[in-house]
Amino acid sequence: MYKQHKKLNPIQQFQLFCLESYRSAKGVSGILALNDFKEAGVFSFLSSGYEVLHTQGQSFIVSEINRFINRNHEALPRKR
């Protein structure tokens, strides 16, 4: 009757938590937050740093995400 939904693994759950925390802190839509994460490679950053980052507080994590995005946006080629 109901389809089985694949459950998220712990890293995916953490990435979703981070996306929502970032969205809320920035006061932007989910789509804009998702675009920021995709363009800057935040999902890979969160996955590779999971062991350390998931033990930190929400404000620290959002601050680290902001720093990562800002650093990567500076390195991205400019669209003309």
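Helices, taken as DSSP runs of H or I with at least four residues, and strands, taken as runs of E with at least two, are numbered from the N terminus. What we have here is a predicted model, in which local features need pLDDT of at least 70 and side-chain atom pairs count only at pLDDT 80 or more, while totals for chains, interfaces and linings use all residues. Residues are numbered from 1 along each chain as its sequence is written, and side-chain values use heavy atoms, with hydrogens and water left out.

The protein chain contains five helices and zero strands, so that, following the definition of the elements, the order from the N terminus reads α-α-α-α-α. Of its 80 residues, 26% are buried, where buried means under 20% relative accessible area, exposed means over 50%, and partly exposed lies in between, with a 1.4 Å probe and protein chains only. The accessible surface, from the Shrake-Rupley method with a 1.4 Å probe, where for residues only the protein chains shown count as cover, is about 6,200 Å², and carbon and sulfur atoms hold 54% of that surface. If we take contacts, meaning heavy atoms within 4.5 Å, with a separation of 6 or more, then 59% of them join residues 24 or more positions apart.

Let me turn to the interior. A nonpolar core is a set of buried Ala, Val, Leu, Ile, Met, Phe, Trp, Tyr and Cys residues joined through side-chain atoms within 4.5 Å, and the largest one has 16 residues, with Phe14, Phe37 and Ile65 among those that have the most contacts inside it. Helix H1 (10-26), helix H2 (30-40), H3, H4 and H5 each contribute at least two residues to this core. Ile69, leaving aside neighbours within four places in sequence, is in contact with Tyr22, Asp36, Phe37, Ala40 and Val42.

Which residues does Gln15 touch, not counting those up to four places away in sequence? They are Phe37, Phe43, Leu46 and Ser47, and Gln15 itself is buried, with a relative accessible area of 12%.

Now the aromatic rings. Rings of Phe, Tyr and Trp (its six-membered ring) pair if their centres lie within 6.5 Å, with planes under 30 degrees apart counted as stacked, over 60 as edge-to-face and the rest as tilted; the count by this rule is four pairs. In one of them, Phe45 and Phe68 are stacked, at 4.3 Å centre to centre and with 15° between the planes. Because Phe45 lies in helix H3 (residues 42-48) and Phe68 in helix H5 (residues 58-75), the pair ties together parts that are 23 residues apart in sequence. Both Phe45 and Phe68 are buried.

Finally, the charged side chains. The structure holds two salt bridges, each being a side-chain nitrogen of Lys or Arg within 4 Å of a carboxyl oxygen of Asp or Glu. Arg23 and Glu20 meet at 2.6 Å, N to O, and both lie in helix H1, three residues apart, about one turn of the helix. Arg67 pairs with Glu64, the closest N and O atoms being 3.4 Å apart. Arg67 counts as partly exposed at 47% relative accessibility, whereas Glu64, at 18%, counts as buried.
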